[in-house]
Amino acid sequence: MNGHADGPELSAYLDGALSPEPRARVELHMSSCADCRAELDSLRHMKLALSAAPRKAMPADLALALERRFVEGAAAPWYAAFTRPVIWAPAGALALATFAVSLWLRSAATLDEIPLEPLLAAHARYSAEALVPEDNLVASNYSDQLSDLGDAPDYE
Amino acid sequence: MRPITNRAATALAALLLGAPARAMPAADELLQQALATPAIQYQGKVMVTQWYGRQTRAEEMHVHFSPPGNIRREFLAPDGRVARVSVSDGEFESVSRDGKVVVGDAVRSYEKVMTPERERELLLSNYELSVGTADKVAGRPVWLLTLEPKLKGKAWQSMAVDQETKIVLRVKRYLPRRAYASQASFTSFEPGKAQDPALFHLGGSTATAIAASALAPDFMTLEQLAKETGRDSRLPKSLPGGFSFESADVVKVGRSRAAHARYTDGLTVLSVFETERPVKLPKSGLLETGTGFPGALSASRGGKVLKLDAGGRHYILMGDLSKELLADVARALK
């Protein structure tokens with residue numbers, strides 16, 4: 001697989017939901033694609049952040065208040081609904097989901113651009129062949145693809 | 001008493017010094033010998049160094065070679081353990097790392113579109129060759145073959161060629177007064193050392209083998225490239241700086257495809273990619289985006305990268321050239 005792994009595929013890979021063949025393909029691709037590795041890290045962090053978010057149990061007094069309301073039929077003030085976690089918990093979840101989706105869409109837009117790494121690998125694979133004796137080539141082309149390209153530093 | 005001739009004096013000196021003195025070869029002849037596939041087995045240690053801006057990257061490897069084209073490279077981690085292994089028989093290549101083996105086609109020079117004669121002709125028209133002596137490399141006497149570009153802005157290349165075996169013991173590419181250079185140099189060299197055939201065994205019995213034949217480039221003409229992509233190619237047969245079209249292939253990137261045309265001046269390779277969608281350049285390493293410059297220029301380990309949009313098409317130029325020369329090439333594509 002030389003192609004870019006798309007979002008659902010990366011997500012499935014992260015969840016361990018891919019069968020062995022596509023999984024091997026994704027792993028091979030990621031060994032040479034910094035973009036997909038970064039995307040995978042981003043997904044992993046998002047997943048961890050979501051799973052690590054605090055999940056509060058329903059407060060005991062809320063359960064008691066609900067029970068009392070049914071039993072006693074007591075009328076609550078008009079603003080009481082806005083103070084109840086039962087309103088704000090779904091709203092918070094919705095906001096969090098919206099934020100996550102916006103992050104995802106942003107990264108998807110970035111993915112629409114072609115990453116540079118496969119082109120670098122194609123250039124390196126060919127150019128290393130040019131007039132350099134093969135037996136003592138600067139570096140193996142394949143290994144170039146498998147090794148990290150590193151950060152681009154100041155050049156001049 | 002008869003006077004001692006120069007040849008006799010040389011022979012006498014060689015006898016006294018214990019090593020045969022060799023006459024300095026012609027540059028062209030030495031280049032031919034250096035580029036020929038060695039006919040002997042050897043092994044050695046090679047240090048690969050890349051100067052890259054303010055960074056330097058070094059990697060050590062063990063090399064084993066056996067004719068006609070079997071080569072094994074063991075890349076070492078800083079602590080000396082083998083980090084990855086590359087084995088090639090000239091036709092196929094396998095790389096093992098992290099318990100996995102990738103097997104694919106090796107780059108085959110004989111599949112090139114440009115003939116070796118034409119490539120050599122280009123080299124001689126674009127570079128001045130000279131031969132000199134240099135300090136020993138890996139303890140062995142060498143000839144220093146220097147390829148100096150006739151045009152400013154291209155990399156120089158020097159090869160330290162073993163005087164006895166004509167095997168290249170050190171290759172250095174550099175741009176004078178620029179921060180980028182790469183060098184591969186033997187630190188130890190044992191010619192004639194018998195090599196165990198098992199060293200050149202492709203693949204591994206216990207590791208996971210993954211076929212990666214798509215990683216090998218094709219060698220297409222511009223006409224074949226246009227047929228393959230289904231688009232009229234605007235790529236020319238020659239470019240400024242003495243570059244001529246050598247061959248092309250198609251690089252698959254996800255659902256997109258990039259036409260990859262390779263140009264050469266006999267030594268330096270310039271890649272021109274024509275892509276369906278824009279290419280994302282890394283944020284770091286950006287060198288030039290200002291007005292008057294035809295595109296965005298960035299740096300990478302493979303040389304400079306110039307991103308250019310022209311005539312509704314997206315181009316990426318890649319090569320080890322000065323930015324001025326790369327800009328001239330880009331203007332020719334506009």
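This is a predicted model: local features need pLDDT of at least 70, side-chain atom pairs count only at pLDDT 80 or more; totals for chains, interfaces and linings use all residues.
Colleague: How much of chain A counts as buried?

Modeller: Of its 156 residues, 38% do. Chain A still exposes about 8,800 Å², with 63% of that supplied by carbon and sulfur atoms.

Colleague: Which elements does chain A have, and in what pattern?

Modeller: There are seven helices and one strand. Along the sequence they follow α-α-α-α-α-β-α-α. Among contacts in chain A between residues at least 6 apart in sequence, 61% join residues at least 24 apart.

Colleague: Let's move to chain B. Why is B:Gly242 called partly exposed?

Modeller: Partly exposed lies between the 20% limit for buried and the 50% limit for exposed. B:Gly242 has a relative accessible area of 30%, so it is partly exposed. This glycine is in the loop between strand 13 (238-239) and strand 14 (243-253) of chain B.

Colleague: Which residues is B:Gly242 in contact with, leaving aside neighbours within four places in sequence?

Modeller: Contact asks for heavy atoms within 4.5 Å. The residues in contact with B:Gly242 are B:Leu122, B:Asn126, B:Thr264 and B:Asp265. As for B:Lys150, 92 residues away along the chain, its C-alpha atom is 9.8 Å from that of B:Gly242.

Colleague: What makes B:Ala138 worth a look in terms of phi?

Modeller: Its phi is positive, about 55°, although B:Ala138 is not a glycine. B:Ala138 is in the loop between strand 7 (127-133) and strand 8 (142-149) of chain B. With a relative accessible area of 26%, B:Ala138 is partly exposed. B:Lys166 also has a positive phi, about 65°, and is not a glycine; its loop runs between strand 9 (156-162) and strand 10 (168-174) of chain B.

Colleague: One last thing: is the peptide bond from B:Pro67 to B:Pro68 cis or trans?

Modeller: That bond is cis, with omega near 5°. B:Pro68 sits in the loop between strand 2 (55-66) and strand 3 (70-76) of chain B.

Technical notes:
Residues are numbered from 1 along each chain as its sequence is written. Chains are lettered from A and ligands numbered from 1 in the order in which they are written. Side-chain values use heavy atoms; hydrogens and water are left out. Helices (H or I, at least four residues) and strands (E, at least two) are DSSP runs, numbered from the N terminus. Buried means under 20% relative accessible area, exposed over 50%, partly exposed in between (1.4 Å probe, protein chains only). Accessible areas come from the Shrake-Rupley method with a 1.4 Å probe; for residues, only the protein chains shown count as cover.
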